[in-house]
Amino acid sequence: MSSHQVPFLRTVQAVLWSFIGLRKNSEGQEDMAKLNPFHVLVVGLCLALIFVVGLIALVNWVVAQPITL
């Protein structure tokens, strides 16, 4: 891995942990000290967009299924 991929993956990991809400306080503080806030914001917005688009796709798929009783 290049030196630029490690901070990016660390940022993605930190944002995903924050979405779930399970994180040690010490690890969260360490991330806040090391990660670029702009990168965290961009990754968070991108992952939120992917989540919303995924939910919309799931709902459209479920609605398109034939009703069987």
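This is a predicted model: local features need pLDDT of at least 70, side-chain atom pairs count only at pLDDT 80 or more; totals for chains, interfaces and linings use all residues.
Residues are numbered from 1 along each chain as its sequence is written, and side-chain values rest on heavy atoms, with hydrogens and water left out.

Two salt bridges were found in a search of the whole structure, a salt bridge being a side-chain nitrogen of Lys or Arg within 4 Å of a carboxyl oxygen of Asp or Glu. In one, the side chains of Glu30 and Arg10 meet at 3.3 Å, N to O. This pair links distant parts of the chain, with Glu30 in helix H2 and Arg10 in helix H1, 20 residues apart; helices are DSSP runs of H or I with at least four residues, numbered from the N terminus. The side chain of Glu30 also forms a salt bridge with that of Lys34 (3.3 Å, N to O). Because Glu30 and Lys34 lie four residues apart in helix H2, about one helical turn separates them. Through shared partners, salt bridges join Arg10, Glu30 and Lys34 into one network.

Exposure was assigned from relative accessible area (buried under 20%, exposed over 50%, partly exposed in between; 1.4 Å probe, protein chains only). Lys34 is exposed, at 60%, while Glu30 is partly exposed, at 35%, and Arg10 is partly exposed, at 28%.

The largest pocket holds about 180 Å³ of space. A pocket is an open set of points on a 1 Å grid over the protein atoms alone, where a 1.4 Å probe fits, with protein on both sides within 12 Å along at least five of seven lines; lining residues have an atom within 4 Å of a point. The lining consists of Ala14, Val15, Trp17, Ser18, Arg23, Gly28, Asp31, Met32, Leu35 and Val40. Helix H1 (5–20) and helix H2 (25–34) are the elements that give two or more residues to this lining, and H1 supplies the largest share, four residues. By class, the lining residues are six nonpolar, two polar and two charged.

A nonpolar surface patch of about 710 Å² is made by Phe51, Val52, Leu55, Ile56, Leu58, Trp61 and Val62. Patch residues have over 30% relative accessible area and no salt bridge, with nonpolar side chains joined within 5 Å and like charges within 9 Å. Ile56 lies in helix H3 (residues 37–64) and is partly exposed, with a relative accessible area of 48%.

Definitions and conventions. Accessible areas come from the Shrake-Rupley method with a 1.4 Å probe; for residues, only the protein chains shown count as cover. Grid points are joined across faces, edges and corners, and a volume is the space filled by probe spheres set on the points. Ala, Val, Leu, Ile, Met, Phe, Trp, Tyr, Cys and Pro count as nonpolar, Asp, Glu, Lys and Arg as charged, and the others, Gly among them, as polar.
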